[in-house]
2 protein chains.
Amino acid sequence: MPLEGRKGAVLRAVVEEHVRSAEPVGSEHTALLEELRCSSATIRSVMAALEDEGLLTHPHTSAGRIPTDLGYRVYVDMLLDAEPLPVGERQAIRRRLESSGGDVADLADQAARTLSSLTRYASVVAALGIHHQTFRSLHLLAQGPGHAVAVITTSGGVLQGRLIDLPISVSDADLDQISRVITQTLRGIPIADLTQERLEKAIGDATRHHQLVEAIRAWLRRDLARGSRLQYRVEGRRHLLQEPEFQRPEAATPVLSALEEDSMLALALAAAPSEGVWISIGSENRLAELRACSVVAATYSAGGGAVAIVGPTRMRYRRAVAAVRYMANRLSESLRHAV
Amino acid sequence: MPLEGRKGAVLRAVVEEHVRSAEPVGSEHTALLEELRCSSATIRSVMAALEDEGLLTHPHTSAGRIPTDLGYRVYVDMLLDAEPLPVGERQAIRRRLESSGGDVADLADQAARTLSSLTRYASVVAALGIHHQTFRSLHLLAQGPGHAVAVITTSGGVLQGRLIDLPISVSDADLDQISRVITQTLRGIPIADLTQERLEKAIGDATRHHQLVEAIRAWLRRDLARGSRLQYRVEGRRHLLQEPEFQRPEAATPVLSALEEDSMLALALAAAPSEGVWISIGSENRLAELRACSVVAATYSAGGGAVAIVGPTRMRYRRAVAAVRYMANRLSESLRHAV
DNA sequence: ATTAGCACTCTCTCGATGAGAGTGCCAATC
DNA sequence: GATTGGCACTCTCATCGAGAGAGTGCTAAT
């Protein structure tokens with residue numbers, strides 16, 4: 001690892017100047033820096049060495065150097081521990097999150113908006129599914145003859161209810177009775193463990209009203225399947241179009257496609273570890289569409305969800321890391337209280 | 001209105017050729033058409049007339065003609081009654097909508113996806129708010145000491161429930177009692193009419209448990225406010241970047257911005273009449289960001305929601321109109337059954 | 001009213017040119 | 001031996017002019 005003195009400093013200088021200007025960086029410019037008291041010729045030889053190691057590259061003979069994906073990787077590894085977010089921006093984040101009043105969906109919305117407006121890149125928030133919650137109760141609420149509403153509560157709140165058709169013969173007392181049995185049988189079971197068989201057993205035992213049982217079962221199957229998927233929110237796509245690397249539409253299209261497709265987002269964030277900030281640079285991305293991008297991500301609520309920033313590989317990594325890390329922490333915090 | 005014979009035919013020819021090729025259309029090319037048995041010189045004089053009327057324009061002296069926004073408007077007005085969607089595509093739409101199993105949110109998702117993949121433009125679906133529904137019941141479901149879940153049902157289904165903190169002193173019987181009173185007081189009232197005062201009165205009369213009342217009130221205020229906003233789904237932004245007119249990023253950015261901001265979408269669709277297909281072309285849009293776009297929209301469920309396609313003014317209007325109209329009809333149909 | 005003919009205008013492409021930027025290498029230096 | 005100044009070399013980019021091509025507008029003839 002080329003951390004040693006001058007090499008590291010040059011790599012760092014090239015990366016930071018390139019991030020700032022989006023132009024190739026020449027040896028002349030780099031030599032002017034205070035910390036590197038030497039001539040441009042020396043810088044040139046160092047740069048040539050860095051190029052041999054695959055950290056820098058040339059667009060063409062007479063152009064300055066730009067970092068390779070590997071170069072960014074080494075740069076990022078040098079400073080991942082760095083800098084916290086400025087106080088003002090922390091406050092802004094807290095305020096925005098508070099304004100959502102503890103509602104989980106709103107919280108995720110606000111997080112995505114805040115991250116993208118703060119960093120001027122695109123942001124992705126993968127919101128907590130219900131699979132880590134536990135079952136609390138099921139209530140069948142009579143809605144006049146022939147109809148009921150089924151409501152499930154979990155440790156995390158209330159599942160969207162659903163209108164269910166009843167055989168007329170079911171009385172209010174029956175509904176109460178069925179609700180109670182199911183509630184008692186399933187209480188405390190993690191939603192993720194509500195397998196098909198388990199459901200069948202609990203519901204099947206509860207009653208002999210087959211039509212009703214079937215309706216509940218169908219609904220649960222649906223809603224639980226949906227709950228197993230993460231819900232993705234993407235904001236700030238437009239910022240990407242401002243970046244010089246995405247001026248050509250054929251460069252921008254794959255990225256925008258990836259940001260529109262849940263299955264691609266899932267793949268892009270799949271490699272995230274269960275905690276800490278995680279960075280995927282250019283070709284490190286498993287998703288070919290993100291070859292020109294870097295993803296800075298962090299999970300929150302112990303891996304239940306994730307926040308991420310998607311920008312060009314020429315990204316302001318320090319800020320991105322700080323923003324993502326702080327946001328993930330705040331989200332974990334907010335959700336701990338909410339649930 | 002220049003519907004009369006040749007003028008109309010020339011306008012139509014220019015629009016359709018330009019939509020196909022994205023290039024200015026010359027008199028030579030137009031003269032070759034079967035229906036216009038005349039020379040290019042004649043076409044030129046007709047074109048000059050159309051230009052005087054503001055329906056065509058020139059990029060420069062020696063280029064062919066392209067339609068102005070007004071030209072598109074006249075063209076569109078000529079054929080708005082046209083062509084239904086091909087049978088195959090109707091089937092595709094029906095299938096996609098059925099696959100969502102009657103769930104309102106899924107339905108809107110599928111509608112947006114289908115419209116954009118069918119037309120290769122961006123699509124917007126504004127999903128039905130709850131304001132046209134009526135209040136049915138409120139249930140407070142005990143969740144162990146100190147907690148309850150509040151659930152409201154409406155004519156359209158179930159409102160997202162919410163966990164509420166209780167004073168310990170409230171018994172299960174109290175909860176039942178409170179639920180019953182509120183339900184009886186408010187039953188049948190349109191959600192849109194649940195004004196602050198009305199809520200206060202119903203809830204205030206129901207009980208002397210002030211903390212509980214306050215919690216319910218706060219929740220309702222929040223959820224009703226949210227329900228009054230339409231929920232927008234946007235799909236297929238990436239298609240816009242394929243269009244020649246959005247190759248330059250400074251052309252694409254405003255459009256993408258508009259498609260990311262709910263408040264802008266609301267404005268863009270605000271002018272829609274309560275039924276039928278509605279088209280807004282280029283500068284007709286109230287939203288400056290959509291100057292380069294046309295919006296083809298239709299409302300569904302009697303104005304409760306809207307579907308729209310957003311593309312360049314150089315749009316395949318026939319297809320867009322057919323797709324939007326059919327989709328709106330199917331959505332209305334599906335929702336009638338669902339609710 | 002329509003048409004053929006023609007001059008005119010404007011864009012677009014191509015190649016050449018020259019300036020500028022930055023490199024790589026070599027010989028001199030500390 | 002690392003560092004440096006000097007210098008030739010290479011490649012890009014902007015500019016220019018020429019020529020081709022496309023399509024118009026006008027005029028005179030039908």
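Does Val277(B) count as buried or exposed, and how many C-beta neighbours does Val277(B) have inside 10 Å? Val277(B) counts as buried, because 21 C-beta neighbours sit inside 10 Å; the cut-offs are 20 or more other C-beta atoms within 10 Å for buried, 12 or fewer for exposed, and partly exposed in between, with C-beta atoms placed from the backbone.

Before going on, a word on the model. It is predicted, so local features need pLDDT of at least 70 and side-chain atom pairs count only at pLDDT 80 or more, while totals for chains, interfaces and linings use all residues. Residues are numbered from 1 along each chain as its sequence is written, and chains are lettered from A and ligands numbered from 1 in the order in which they are written.

Back to Val277(B), which belongs to strand β9 (residues 277-281) of chain B. Helices here are DSSP runs of H or I with at least four residues, strands are runs of E with at least two, and both are numbered from the N terminus. Leaving aside residues up to four places away in sequence, Val277(B) touches Val296(B), Ala298(B), Val321(B), Val324(B) and Arg325(B), where contact means C-beta atoms, placed from the backbone, within 7 Å. Thr299(B) is 22 residues from Val277(B) in sequence, yet their C-alpha atoms are 7.5 Å apart.

Two or more residues each come from α3 (40-52) of chain A and from α2 (27-31) and α3 (40-52) of chain B, and α3(B) gives the most, with 4.

Finally, a helix pair in chain B. The axes of α5 (residues 87-98) and α6 (residues 104-119) of chain B come within 9 Å and cross at roughly 155°; axes are lines fitted to C-alpha atoms, for helices over the stretch in contact, and angles run from 0 to 180 degrees between N-to-C directions. α5(B) and α6(B) are therefore roughly antiparallel, the label for angles over 145 degrees, with under 35 being roughly parallel, 65 to 115 roughly perpendicular and the rest oblique.

Definitions and conventions:
Two residues are in contact if their C-beta atoms, placed from the backbone, lie within 7 Å.
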